[in-house]
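Please open the structure in the viewer and keep the selection tool at hand. The stops below are given in the order in which they may be selected.

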Amino acid sequence: MRVVVDLNRCQGYAQCAFLAPDVFEMHGEEALLYKPRPDEAFREEVARAVAACPVQAILVDRLDEAVTAGEASDAR
Amino acid sequence: MPADGYLERLKRDGRIVVVGASLAGLRAAETLRTEGFAGTLTMVGDEPYEPYDRPPLSKGVLLGRTTPDHTALPRRTALEADWRLGTAATGLDMAAKRVRLADGEEVEYDRLLITTGVRARPWPHEGEAGLDGVFVLRTRDDATALHKRLVDGPRRVLVIGAGFTGSEIASACRERDIPVTVAERGAAPLVGALGGVVGAVAAELQREHGVDLRTGVMVTGLEGDSAGRVRAAHLSDGSSVEPDIVVVALGATRNTEWLAGSGLGAGPRGIACDAGCRAFDIRGIVTDDIFVAGDVARSPHPLFGYQFLSLEHWGNAVSQAETAAHNMLCASVDRRPHMWVPAFWSSQFGVNIKSVGVPSMGTELLISQGSLAERRFVGVYGYQDRVIGAVTFDQARWLPFYEHLIETTAPFPPSFPTVDRRPEGARSVPAEFPDPSVPTHGPTVTLSGYSPADRRMTFTPGRH
């Protein structure tokens, strides 16, 4: 699955780092590091982080559909 | 909606071409689909990869937390697009409404969106730039190549340019315990974006983390060994450094060359557009069918004296793309202006740096919370007695408050007593931005063109 965090919105509440520590980690006191392509096994963890983020900064691909590189393979 | 139903037909079976398949292009395409565009959507990109996120390339990727091929952006909706990846656009025929591609094909459009962004400015000396071990960092391929060499454990990395990208690269090197020298032409790192006072804090941070920081110097030449590998760099103060990796971080160049001679108002400073993202032609007349968004655009911002701002910011690309896409499908009364307040972030040397507004317009700086010495503070920038920008070091939660002050043109110095009443908060100091005529490395905001107070225009003719 794919994840991107809008780091303009992120204010370092670290809820994601508690709820999905395999994907999100704090780097220093306030900066966030995350894995943009976590394994599908973490989808539930990530969904909890998305829901808990106080500033709704985490965007994932649509939760009901595992989007892979498929679409880009239309490329000629 | 016009009586002839043009927009309805456009939405139903029109042709939209997006040139530039990165963040702005993707977000625009998603917005087009969610706003009901059911016609043919063509996505043209010069890189062979589907849209990916660039900020991790100078942070998580160099630290080994993720890999360069893992930053593809999430999709919020199915695009059903015709992807032309790995194929650059090479020309535009505005009269025939056609985009020419590098493979010789032509794509016709009813509406065109240009999101070609910027590329890393290469080392100006071509022979030296071609030495083995000399890198830039902008694309996924750049990151792959650089990361591979960092893993090999270089003896020393030289970073040329201490803007945000250069500083983040230096930070990642130190975290990997790689010796690093940073050469910056200005007086301090980040000086173009945040001024000399805050730049001095950035300089201390670098030195504390073991960076060999050289300011006020230029790299005058790179030298290779007999096998064509870089082995030395000569500096303008007469000294030299012996790196086995050199990363050139001298800012970016706008990808507008493909538009030369097309008649569109495009040049080295980007593509000028109105607040509704419609591109200007070289006569200064706004086009009806060509829109621009992201790093390549320059658009007038009402909060900043209607100056044309070019912003190389992630959030600007997203916001402007969404506005452009919306406006592409709308009658003129339904269009929205692009009014995003500039904002960016950078994490380096363990500190989260964030900013709103346009600090580089500021002449005065007030530390309203925290302290420079603690590297934890809020700095407020003032311009003509109003708040024009703010920066935080590990104090991000306060930024929305300052954003509100900027949006409401609040007076500077701020009228509230500062929160923790430290001596630094009592009085503003000059922000110490360098003379704009002296280039520094990689400021993230460029102010240019028309403003009510400063009527200057520069016309850059296309090269034929």
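Select chain A and chain B together: 33 residues of chain A are in contact with 42 residues of chain B, contact being heavy atoms within 4.5 Å. This is a predicted model, in which local features need pLDDT of at least 70 and side-chain atom pairs count only at pLDDT 80 or more, while totals for chains, interfaces and linings use all residues. Residues are numbered from 1 along each chain as its sequence is written, chains are lettered from A in the order in which they are written, and side-chain values use heavy atoms, without hydrogens and water.

The area buried between the two chains is about 3200 Å², that is, the accessible area (1.4 Å probe) lost on putting them together, summed over both. Carbon and sulfur atoms give 50% of it.

Next, select Arg2(A) and Glu50(B), whose side chains form a salt bridge at 3.1 Å, N to O. The rule, a side-chain nitrogen of Lys or Arg within 4 Å of a carboxyl oxygen of Asp or Glu, finds three salt bridges across this interface.

Then colour the strands of chain A (DSSP runs of E, at least two residues). Elements giving two or more residues to the side that touches chain B are S1 (3–5), S2 (24–27), S3 (31–34) and S4 (58–60) of chain A. S3(A) gives the most, with three residues.

Finally, move to chain B and select helices H2 (residues 23–34) and H7 (residues 314–328), helices being DSSP runs of H or I of at least four residues. Residues of H2(B), including Leu23(B) and Ala28(B), meet residues of H7(B), among them Trp314(B) and Met328(B).

Conventions: Axes fitted to C-alpha atoms, helices over the stretch in contact; angles between N-to-C directions.
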